Amino acid sequence: MADVDFYLSDEQRELQRALREFTAKEIAPIASQCDAEERYPVELFPRLGALGYLGLTFPEEIGGSGGSSLDYAIACEEFAYGSAGIALGIYVHVALACSALAAFGSEDLKRRWLPSALCGESIGAWAFAEAGAGSDASAIATRAVADGNDWVLNGSKLYITNAPIADFLVVVASTAPEQRLKGLSLFLVEHDRPGFRVAGSLSKLGVRASEMAELVFDDCRIPRENLIGRENRGFLDALRTLALGRIASAAFAIGVARAALEATLVHARERVQFGQPIGSLQAVRFGIADMAMQLEAARLLCHRAAVAADRGLPHGREANMAKLYATEACTRITERALHYHGATGFMSESPIQRFYRDCKVFEFGEGSSELQREMIARELGL
Amino acid sequence: MKVMVCLKQVPHQDARLDVAADGSWIQEDNIKFEINSYDTYALEEALRAKDAGEAEVVVVSIGPDRVTQALRTALGMGADRAVHVKDPEADASDSLGKAKILAAIAKQEEPDVIYCGLMADDGNFSAIPPMLAELAGMPSATGVISSEASDTSITVRRELEGGCREVVELPRPCLLAIQTGANQVRYASLKGIMQAKKKPVDVKTAADLGVGEQVGAGAAKVKINKIYIPPKSDQAELLEGSTDEIVTQLVGKIRELGVL
Ligand SMILES: Cc1cc2nc3c(=O)[nH]c(=O)nc-3n(C[C@H](O)[C@H](O)[C@H](O)COP(=O)(O)OP(=O)(O)OC[C@H]3O[C@@H](n4cnc5c(N)ncnc54)[C@H](O)[C@@H]3O)c2cc1C
């Protein structure tokens, strides 16, 4: 069926087409294997960089393409359609590490890292979470203390995507513990700094193509210039740019849900039981109709938030709703997809079980559903 | 050097095809289209010629409004400009009529090389490339898997039966019909996509090209009578029963045929 995508420009349609082609040929075919081996296909980075896709949302002056939030939502959907894990690795690099650097980094840091990062020749990670700090950023215990011309970092980070493959990491550390949230700063740490190490890799249920590890800072010295943005305010400043993160999370969920729906449509036509394709059975037809409706509702919410952001309109609530609805819808859609596939979908070689495993993380990452509901309620004046 | 690439937009390989109610063609509403796969290889071969030296790449397509998208894709991949023959009469032409239109464009453009796909994924005629070469008075080679241009000629490798290869040299100007898998087709870069908007697309009719009289449904010598999905053959025998019973029957049949 043709998409009813009347609000997309010709360039956006073309971007979508090109990314679909890239994903179909370069990402989808390796998705299951990377998932099984828990291996990130790092060779994709320079290829995506050369095509300009890593620089999509960055200003042209620093080697980006000046793309819009809607362009970005389109790209996230397509990458996640191929592999949520691979999409996550790109996302952490582009939307967290490079974005923070581009928005708040000194000219010198930007000159040193951004050109190679946007070409995909160096890979970034975003190190925020810790054993004691997940949803609650104010509990961050990693410390950075000024000492002469250096900062000295001590502490550890947990669940850090891209850590095993990263060349540089943007690390959130406390520079004024008594000020809690208002004492958090951002630092750039090169992967080969003495005192820094990537501890054991972590194995996970979903998005397994992305690689994750724990970080340890043991009197790790970095030069003063490696501070990104304002001392004590760096993290709060960065948070303000995270609406794009919610739009991206929604788009990832939409990509996975679309892959699940498309596979289910094929299966429902082909699988014959009781002498007819299961897609002729009303119970199944109705279920699939609901999947399609939820997918499209999610995409509309996501694109609305993106368009609002692009027009400079307030879009916080829109982004919250898009993230909340899309990620929960994706969990429902992939659950139904697995259900209608039955045993075939449950087998390890089937992508259906991967979709089912991959989507859950989007519900609690980038602000859990509860936080989204809380923010929406607050916006509603409650 | 100037190269011309002829490309056709065909139903997307994933599109569900239904025969139109009047049986004249497939139902085109609500399906997606893409560039004919053979033509993407032809375009890539042309873009490689451009990468290797100075070449202007002009893409040409005959078809309705939707074809703009295929041309935009080609421009995004690196072609320099496009000619879109948008004319219902041109669409209604047979292969020879379309070859005449393309020949009229070739006459205006005077390309050093014309790249075509070997055949169209939908029509499967493989007719236009040799017809166009003949009408344009150019030598041609089909089944081309690689090409290398010198100042006056082009040396190509062709794919023959049984994995054999043939090397042929053609003087320029000439026409090459490219085989799929000849090269690795590039992806449009983001920069390419953004620049495509500024590249010119010339829209023409058959009459503009001076061949209005020679083309169209009236002039067509080959007419499609109907499109249909062949009825299921009754030569297939369905084995029934439990898996064990089916296997026993199947082994019996194979023995009967004496292939075991
Ligand atoms: C695949 C994956 C990749 C990740 N990659 C990175 C990375 O690259 N960098 C990084 O820094 N971190 C990363 N993380 C960690 C991520 O930042 C955290 O998962 C996230 O911050 C949530 O924290 P938590 O998982 O500790 O959950 P918790 O904060 O412990 O929350 C658990 C649950 O408690 C409930 N809850 C918590 N707070 C509230 C509240 N205020 N109101 C109501 N309910 C609440 C919610 O139900 C929530 O889902 C990753 C995690 C995963 C799973």
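How many helices and strands does the secondary structure of chain A come to? In this predicted model, the secondary structure of chain A comes to 13 helices and 10 strands. The radius of gyration of chain A is 21 Å, close to the 21 Å that the globule rule gives for 382 residues, and chain A is therefore as compact as a globular protein of that length. Along its principal axes, the C-alpha trace of chain A spans about 80 × 45 × 45 Å. Of the 382 residues of this chain, 50% count as buried, and among its contacts with a separation of 6 or more, 74% are accounted for by residues 24 or more positions apart.

**The ligand and its shell**

There are 19 residues around the ligand, and those that come nearest are A:Phe128, A:Gly134, A:Ser135, A:Thr161 and A:Glu370. By class, the residues of this shell divide into 12 nonpolar, five polar and two charged. At least two residues of the shell are supplied by each of β1, β3, α12 and α13 of chain A, and the largest share, three residues, comes from β3(A). Domain 2 (124-230) and domain 3 (242-379) of chain A each contribute at least three residues to the shell around the ligand.

The elements named above have these bounds in chain A:

| Element of chain A | Residues |
|---|---|
| β1 | 124-127 |
| β3 | 150-161 |
| α12 | 360-364 |
| α13 | 369-379 |

**Where chain B touches chain A**

In the contact between the two chains, 15 residues of chain B meet 15 residues of chain A. On the side of chain B that touches chain A, α2 (67-77) and α6 (190-196) of chain B each supply at least two residues, and the largest share, five residues, comes from α6(B). This side of chain B has seven nonpolar, four polar and four charged residues.

**Helix α1 of chain B**

Helix α1 of chain B holds 16 residues (residues 37-52), which at 1.5 Å a residue should span 22 Å; its end C-alpha atoms are 23 Å apart, which agrees.

Methods:
Residues are numbered from 1 along each chain as its sequence is written. Chains are lettered from A and ligands numbered from 1 in the order in which they are written. This is a predicted model: local features need pLDDT of at least 70, side-chain atom pairs count only at pLDDT 80 or more; totals for chains, interfaces and linings use all residues. Helices (H or I, at least four residues) and strands (E, at least two) are DSSP runs, numbered from the N terminus. The radius of gyration is taken over C-alpha atoms; the globule rule is 2.2 Å times the number of residues to the power 0.38. A residue is buried if 20 or more other C-beta atoms lie within 10 Å of its own, exposed if 12 or fewer, and partly exposed in between; C-beta atoms are placed from the backbone. Two residues are in contact if their C-beta atoms, placed from the backbone, lie within 7 Å. The expected span of a helix is 1.5 Å times one less than its number of residues. Ala, Val, Leu, Ile, Met, Phe, Trp, Tyr, Cys and Pro count as nonpolar, Asp, Glu, Lys and Arg as charged, and the others, Gly among them, as polar. A residue is near a molecule or strand if its C-beta atom, placed from the backbone, lies within 6 Å of it. Domain bounds come from an automatic or database domain assignment.
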